[in-house]
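Got the sequence and the 3D view ready? Let's work through a few parts together, one question at a time.

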Amino acid sequence: RLYVDGVGAVERPPLLLAHHKRAGVLSSVADGRGRDHLGRELPARYRGRYHPVGRLDMDTTGLILFSSNGKLTDRLLSGPVEREYAAVVEGSVDESVLRRTVEKEGVETATGRHFGTVLEVSEGAWDEERGEGEAEAADEDLPGEDGPRRIFIRNGRIVDQKKKIAAKRTEEDVPAFLRITTVRLVVREGKHRMVRRMLANVGHPVLRLHRLRHGIVSLDDLEEGGFREEISLNVESWVQRLLSSSAKV
């Protein structure tokens, strides 16, 4: 809000909006093939003034920012601004090996060698509501005497649905290829499919990817499909630092 002689005069529109992207939505404002896209998600009052800051893969969920300022968008995309993700990956992860590879050696991909910071490695799938590894991750077909049976994985362990009981097996009984792990990590670049490529290239293909934070803006409790105006003093101060800096940081 702008003030004249101490009296509120004009409500200044925010430079940034936060959006909780759903799976299956394109990170574009239009699509000639009739698919869901961010242009449809953006409320009418914001259209024509805000554009997405970069892209998330169609199947990636979580935080994507919208900006009304081209210079700010450039700083957010081109500078070493942190992006935090929760990735549900295949297999059991050796945390010490992953940290050494991602943080010190870097991971070679088709777009170059990339580095990151591993925040947490936990068995099981990320629960977006609870913020911990408690969610159903994926289902699989396992061979059985009477044909394939359907199972799902909770906390990295198989639960047999055919028997209608949550008969959890020990970790040692779970085939390695069915184990799942959640990796929370931070990267400072936004290259196309970079996080997916990094984790796949260290032997852990991504089953699900969710962005939690971009810079100092966090998803927090923003509902899926929802938008939030970023008007806090902390965010405004951070934005002004980005805009006033001569370097792209």
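This is a predicted model: local features need pLDDT of at least 70, side-chain atom pairs count only at pLDDT 80 or more; totals for chains, interfaces and linings use all residues.

Residues are numbered from 1 along each chain as its sequence is written, and side-chain values use heavy atoms, with hydrogens and water left out.

Q: How many residues of strand β6 are buried?
A: Strands here are DSSP runs of E, at least two residues long, and helices are runs of H or I, at least four long, numbered from the N terminus. Buried means under 20% relative accessible area, exposed is over 50%, and partly exposed is in between, using a 1.4 Å probe on protein chains only. β6 covers residues 83–90 and is mostly covered, with the buried count being seven of its eight residues.

Q: Are the rings of Tyr46 and Tyr50 stacked or edge-to-face?
A: Rings of Phe, Tyr and Trp (its six-membered ring) pair if their centres lie within 6.5 Å; planes under 30 degrees apart are stacked, over 60 edge-to-face, and the rest tilted. The structure holds two aromatic pairs. For Tyr46 and Tyr50, the centres are 5.5 Å apart and the planes sit at 85°, so this pair is edge-to-face.

Q: What arc do the buried residues of helix α3 cover?
A: In α3 (residues 95–105), Leu98, Thr101 and Val102 are buried. They lie on the same side of α3, because the arc they cover around the axis (taken from the directions from the helix axis to the C-beta atoms) is only 85°.

Q: Which residue's backbone nitrogen lies 3.0 Å from a polar atom of the His37 side chain?
A: His37 is found in the loop between β3 (16–21) and α1 (38–41). His37 has a relative accessible area of 9%, so this residue is buried. The backbone nitrogen lying 3.0 Å from a polar atom of its side chain belongs to Gly39.

Technical notes:
A polar contact is a pair of N or O atoms within 3.5 Å; within protein, one must be able to donate a hydrogen and the other to accept it, and residues adjacent in sequence count only if both atoms are side-chain atoms.
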